[in-house]
Amino acid sequence: MTCKRIPRKCPPLRLGKYSNATVLDHVELLKMDCEGAEYDILLSAGAETLAKLRDIRVEYHGGRISELYEHLSRHGFRLTKWDPDDETIGRVWFGRDGSVA
């Protein structure tokens, strides 16, 4: 049996719109591996959206991790783990007080 791939376009959806559309009031863990889109997603997330999140784990691509760190720190997150592969790729964990990260 052969499966045929059918290309599909998915419209972009901001994290805040998704959390509001699904009536999420609290998210224990947001895990992201979005091949460089993590910056646009998280940096565009406002205070109301970020307040719903407790832990964030991101595989990052590109050298903008300090920008992400500053943004999330302003919204009450702390860096709990940083695991770089090189200067531009790695994994980073952010959490709030009381998180398990």
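Tutor: Gladly! A salt bridge here is a side-chain nitrogen of Lys or Arg within 4 Å of a carboxyl oxygen of Asp or Glu. This is a predicted model, where local features need pLDDT of at least 70, side-chain atom pairs count only at pLDDT 80 or more, and totals for chains, interfaces and linings use all residues. Residues are numbered from 1 along each chain as its sequence is written, and side-chain values use heavy atoms, with hydrogens and water left out.

Student: What makes D85 and R91 a salt bridge?

Tutor: Their N-to-O distance is 2.7 Å, and the limit is 4 Å, so the pair qualifies.

Student: Why is R91 called partly exposed?

Tutor: Buried means under 20% relative accessible area, exposed over 50%, and partly exposed in between (1.4 Å probe, protein chains only). R91 has 27%, so partly exposed is the label.

Student: How do you know that R54 and E28 form a salt bridge?

Tutor: Their closest N and O atoms are 3.0 Å apart. R54 lies in strand β2 (residues 53-61) and E28 in strand β1 (residues 27-32), so the pair ties together parts 26 residues apart in sequence. Strands are DSSP runs of E, at least two residues, and helices are runs of H or I, at least four, numbered from the N terminus.
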